[in-house]
Amino acid sequence: MATTVEDMMGRAARMYGWHAGVEHEVFTHKYFVDRLNERLAEMADKAGGWREEFTINLATTMNHALSLRVIRIIDNTVRVDYDNDAVFELEPQLISEDELRNSHGVLDSYDASSPSYYYTQRGSTSADPWNLMLFPKSDTAVTNGVKLWARTTATVITAIGDNLPLQQGEERILMPGLMYSFAQTELNRGVKGAPVGYWQDEWKKALDDMIDRVEDGMRGSHRRVKHLEAMYDYI
């Protein structure tokens, strides 16, 4: 059963010593949701994002807009269903835009056909999403004709009734980050002795632990053993 944000809020309040279920004048539901989104974004940033598969339409233009949650496309995971047979038989090759322009000149002038290469490009403004750029542009449009894997940020939480976008085993990693947020806010409000330093250290340890878990998971079934050797002085 998924953990709701409200459940997580209650656990966090009890851990920090507040009364769970009572909305504080400062530590409101909206406050908690804001701090939660900040810490989830930090988790994604440290670990390189969550892995997620996307299906988008194949258009007859070079640029294909991606979700705003996409951090980057995982290399060589783009597949194209060019002939609309539900089989993603084309795997365009990843290439840099500069290399492609050096070898092919003006890319927009090429005749449309089956895409052979891809690269990514930011939109014209900072608010625009990343674009998947296919070259040459396709001469056929196919609904749900492109699949890819990407590293993403978590889905933005909007209400305490939302489900927490984490595996239950990862919730313990998030908790020190919430404690750190609470302590920072108390300190900003003039509460002497707010345990900012302690929870900052605990949050850093939790993030390091999460990075290790992500790296281990990407190794498949291989286990990683860490050897810690004591240092001795011999006389």
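This is a predicted model: local features need pLDDT of at least 70, side-chain atom pairs count only at pLDDT 80 or more; totals for chains, interfaces and linings use all residues.
Colleague: Is Met15 buried, partly exposed or exposed?

Modeller: Met15 sits in helix H1, residues 5-16. Its relative accessibility is 46%. Buried needs under 20% and exposed needs over 50%. So Met15 counts as partly exposed.

Colleague: Which residues is Met15 in contact with, leaving aside its neighbours within four places in sequence?

Modeller: Start with Pro176, 161 residues from Met15 in sequence. The C-alpha atoms of Met15 and Pro176 are 9.8 Å apart. Beyond its sequence neighbours, Met15 is in contact with Met175, Met179 and Trp199.

Colleague: How are H1 and H2 oriented, roughly parallel or roughly perpendicular?

Modeller: H2 spans residues 29-47, and its axis comes within 11 Å of the H1 axis. The two axes cross at roughly 95°. The range 65 to 115 degrees counts as roughly perpendicular. H1 is therefore, relative to H2, roughly perpendicular.

Colleague: How many nonpolar, polar and charged residues does the contact of H1 with H2 have?

Modeller: H1 brings Val5, Met8, Met9 and Ala12. H2 answers with His29, Phe32, Val33 and Leu36. By class, that gives 7 nonpolar, 1 polar and no charged residues.

Notes. Residues are numbered from 1 along each chain as its sequence is written. Side-chain values use heavy atoms; hydrogens and water are left out. Helices (H or I, at least four residues) and strands (E, at least two) are DSSP runs, numbered from the N terminus. Buried means under 20% relative accessible area, exposed over 50%, partly exposed in between (1.4 Å probe, protein chains only). Contact means heavy atoms within 4.5 Å. Axes are lines fitted to C-alpha atoms, for helices over the stretch in contact, and angles run from 0 to 180 degrees between N-to-C directions. Angles under 35 degrees count as roughly parallel, over 145 as roughly antiparallel, 65 to 115 as roughly perpendicular and the rest as oblique. Ala, Val, Leu, Ile, Met, Phe, Trp, Tyr, Cys and Pro count as nonpolar, Asp, Glu, Lys and Arg as charged, and the others, Gly among them, as polar.
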